[in-house]
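Subject: Model for you to look at

Hello,

Here is the structure I promised to hand over. Please open it first, then read my notes below.

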Amino acid sequence: MIFKSRRHEMAKVVIMDHPLIQHKIGYIRRTDTGTKDFRDTIAEIATLICYEATRDLQLQDVEIETPICKTTVKELKGRKLCVVPILRAGLGMVDGMLALIPAAKVGHIGLYRDPETLKPVEYYCKMPADVAEREIFVVDPMLATGGSSVAAIQMLKDRGCKHIHFLCIIAAPEGLEAMKAAHPDVDIYVGSLDEKLNEHGYIVPGLGDAGDRIFGTK
């Protein structure tokens, strides 16, 4: 399912409907899925979402020589890639992304929610020196209220980044709307759009705390 909006350029919201993605998301929702299987499956889902998120990368013609003859083939053109996980749960998606784009560099953004203001506060940010010149893929398994994701993308924009995509495995409608309102120029790729947020800010039906389940700290 694809929705489109325009601000300077066409941005997309893609809700995945691939059977493998839906099957694997069903598996990680289960309470009895253990840490190793949960972590491995998160990475597999990230790989599948990455496949869709890289669909529009530009190509160029390059002449090569095969064992038979010379021919012209396609290769990625120009802009280099960067994967940026939002700590800590976003780390669970990095290996899955690098399985498809192994030459990508990896930046890191750490945020926590201020208990009084409830707003995200930056505690860590480390990026490649040329991050502004790269195609950025921000990853976080869960898009709940959207506060951390909105803030992380703004941090990247403040550093001059212009080509940004956001990938998550499960989103709440509230978080998706917050992202679209704050960053309508950013492509968003969602594995599953769930029903709502509950009174504690958890996605329903969701899968619990993704970070705890990835790292076994639940």
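Which elements do the buried residues of H3 pack against? They pack against helix H2 (35-53), E5, strand E6 (105-106), strand E9 (135-139), strand E11 (164-171) and H6. Packing here rests on contact, meaning heavy atoms within 4.5 Å. Helices (H or I, at least four residues) and strands (E, at least two) are DSSP runs, numbered from the N terminus.

Two notes on the source. This is a predicted model, in which local features need pLDDT of at least 70 and side-chain atom pairs count only at pLDDT 80 or more, while totals for chains, interfaces and linings use all residues. Residues are numbered from 1 along each chain as its sequence is written, and side-chain values use heavy atoms, with hydrogens and water left out.

H3 spans residues 91-98, and Gly-92, Met-93, Val-94, Gly-96 and Met-97 in it are buried. Buried means under 20% relative accessible area, exposed over 50%, and partly exposed in between (1.4 Å probe, protein chains only). Met-97 counts as buried because its relative accessibility is 0%. Beyond four places in sequence, Met-97 is in contact with Ala-46, Thr-47, Cys-50, Val-83, Phe-137, Val-139 and Leu-167. Take Cys-50: 47 residues separate it from Met-97 in sequence, but the C-alpha atoms are 6.0 Å apart.

The backbone oxygen of Cys-50 lies 2.9 Å from a polar atom of the Thr-54 side chain. That is a polar contact: a pair of N or O atoms within 3.5 Å, where within protein one must be able to donate a hydrogen and the other to accept it, and residues adjacent in sequence count only if both atoms are side-chain atoms. Thr-54 sits in the loop between H2 and strand E3 (59-65). Its relative accessibility is 17%, so Thr-54 counts as buried.

The largest pocket

The volume of the largest pocket is about 740 Å³. A pocket is found on a 1 Å grid over the protein atoms alone, as an open set of points where a 1.4 Å probe fits, with protein on both sides within 12 Å along at least five of seven lines; lining residues have an atom within 4 Å of a point. Grid points are joined across faces, edges and corners, and the volume is the space filled by probe spheres set on the points.

The lining has 28 residues, with Arg-113, Asp-140, Met-142, Ala-144 and Ser-148 nearest the pocket centre. Elements giving two or more residues to this lining include strand E5 (81-87), strand E7 (108-113), helix H4 (147-158) and helix H6 (210-215). By class, the lining has 15 nonpolar, nine polar and four charged residues. (Ala, Val, Leu, Ile, Met, Phe, Trp, Tyr, Cys and Pro count as nonpolar, Asp, Glu, Lys and Arg as charged, and the others, Gly among them, as polar.)

An unreviewed UniProt entry annotates a "binding site" at Ile-203, Gly-208, Asp-209 and Ala-210. The pocket lining includes Ile-203, Gly-208, Asp-209 and Ala-210. Such annotations may be inferred rather than shown by experiment; feature names are shortened, and positions follow the numbering used here.

Residues worth a click

Met-142 lies in strand E10. Met-142 counts as buried because its relative accessibility is 16%. Beyond four places in sequence, Met-142 touches Ile-170, Ile-203, Leu-207, Gly-208 and Ala-210.

Gly-208 is in the loop between strand E14 (203-204) and H6. At 38% relative accessibility, Gly-208 counts as partly exposed.

Asp-209 is in the loop between E14 and H6. Asp-209 is partly exposed, at 32%. Leaving aside residues up to four places away in sequence, Asp-209 touches Arg-88 and Tyr-202. The Asp-209 side chain also reaches the backbone nitrogen of Gly-211 at 3.0 Å.

Thr-145 is in the loop between E10 and H4. Thr-145 is partly exposed, at 33% relative accessibility. A polar atom of its side chain lies 3.3 Å from the backbone nitrogen of Gly-147.

Finally, His-183: buried or exposed? His-183 counts as buried, at 2% relative accessibility. Beyond four places in sequence, His-183 touches Val-150, Ile-153, Gln-154 and Lys-157.

Best wishes
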